[in-house]
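I opened this notebook to record what I looked up in the structure, going from the sheets to the helices and then to the cores.

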Amino acid sequence: MKVRFMAGEMARLHNISKQSLLHYDKIGLFKPSKVHSRTGYRYYTLDQFEDLDVILCLKSLGMKLGEIKTYLIKGSIDERIDILEGQEAVIQEKILEIKRTQGRLTSIITALKSQRTIVPMDMGIRWFDTMHVVRKPVEAPHDLYALELAIKELFQATRGDDQTEFHQLLTCVEVSPDTQERFQSVALHVPATTGTSIPAGEYAYFYHKGRFDELPQSRAKLWAHIARQGYTTGDTAIEKVLLDSLAVPSEDDYLIEIRMPVTKMPSP
């Protein structure tokens with residue numbers, strides 16, 4: 001007479017839940033050797049251990065229950081190899097995605113740590129190196145709604161790009177002291193020499209701390225500083241979000257770098 005195991009004991013011996021065994025039975029993946037007609041108790045035999053071990057092994061490899069069921073009905077080694085190779089490809093893609101996620105997380109942490117050293121409201125003129133970016137124009141009427149659409153489209157276009165730094169969003173704004181904002185483009189920083197570039201040169205900068213709707217006042221302060229220092233600038237500001245809701249709980253604590261290219265005025 002074969003040794004029989006009730007469902008609870010079978011589950012305990014294989015370190016799974018009794019509910020899992022019931023589900024395997026329901027979908028036809030792994031059925032008990034006998035079900036008592038009166039009590040409904042399920043019984044398993046010792047020779048079923050190997051079958052369940054195979055199922056649990058395949059499940060640990062990330063295969064779905066339906067895929068395991070298909071695998072088990074395949075009679076040839078070649079057919080089973082094909083299924084296992086397909087699962088290996090799936091796992092390789094998951095590994096790449098985890099590495100991409102890890103890279104982005106490391107990049108964000110590094111950037112946030114470096115930005116703790118920035119003094120809010122600091123202002124001056126200094127040299128900035130070339131920055132390589134992928135860019136998306138903002139469509140007419142170049143307002144906040146069009147800006148948000150451009151940002152979403154840029155994120156979609158660069159999704160899965162290992163080199164794109166999603167925390168390094170740049171907004172190019174056409175502005176002047178007596179006009180409203182006119183958003184020109186959005187861009188994401190890439191470390192490699194790909195895409196377009198923001199040229200190196202002297203830039204006036206201002207580290208704005210606060211809400212986005214307070215940026216016009218900070219730009220005005222920067223224009224005044226540029227004039228006092230004997231420089232001229234155009235109507236384009238490059239604004240880089242350094243700290244936003246990813247890093248700080250309140251928009252009052254946002255940190256945005258405003259940068260404008262400047263040229264020294266000739267001496268009279």
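For the sheets I took two strands as paired if DSSP finds at least two bridges between them; helices (H or I, at least four residues) and strands (E, at least two) are DSSP runs, numbered from the N terminus.

**Ground rules.** The model is predicted, so to speak of a local feature I needed pLDDT of at least 70, and side-chain atom pairs counted only at pLDDT 80 or more, while totals for chains, interfaces and linings use all residues. Residues are numbered from 1 along each chain as its sequence is written, and side-chain values use heavy atoms, with hydrogens and water left out.

**Confidence.** I read pLDDT as the predictor's confidence in each residue, from 0 to 100. The chain averages 89, and 94% of the residues score at least 70. Among the elements, strand β6 (residues 165-174) has the lowest mean pLDDT, 76, whereas strand β4 (residues 123-128) has the highest, 96.

**Sheets.** I found an open sheet of three strands in the order β1-β3-β2, with antiparallel pairing. Since β1 (4-6) and β2 (34-35) stand at the edges with a single partner strand each, one side of each is left without a neighbour in the sheet. Two bridges join β2 to β3 (residues 42-45), and V35 stands opposite R42 in β3.

I then followed strand β5 (residues 131-137), which is joined by three bridges to the antiparallel strand β8 (residues 196-198); here H132 stands opposite S197. Five bridges join β5 to strand β7 (residues 182-189), again antiparallel, and P137 stands opposite S185 in β7.

**Helix α2.** Taking buried as under 20% relative accessible area, exposed as over 50% and partly exposed as in between (1.4 Å probe, protein chains only), I listed L21, Y24 and D25 as the buried residues of α2 (residues 18-26). Seen down the axis, they fall within an arc of 100°, so they line one face of the helix; the arc is that of the directions from the helix axis to the C-beta atoms. The face turned away from the buried side carries the exposed residues Q19 and K26. The buried residues of α2 pack against α1 (7-13), β3, α3 (49-60) and α4 (65-73). Just after α2, I noted that G28 takes a positive phi of about 80°.

**Helix α6.** The buried residues of α6 are A146, L147, A150, I151, L154 and T158. They cover an arc of only 140° around the axis, which puts them on the same side of α6, while Y145 and Q156 are exposed on the other side.

**Cores.** A nonpolar core is a set of buried Ala, Val, Leu, Ile, Met, Phe, Trp, Tyr and Cys residues joined through side-chain atoms within 4.5 Å. The largest has 24 residues, and those with the most contacts inside it include L147, I226 and I258. α6 gives the most to this core, with five residues. Apart from it lies another core, of 18 residues, among them F5, F30, L52 and Y71.

**S218.** My last entry concerns S218, placed in helix α7 (residues 215-228), which counts as buried at 5% relative accessibility. With contact meaning heavy atoms within 4.5 Å, and leaving aside its neighbours within four places in sequence, S218 is in contact with F206, H208 and I258.
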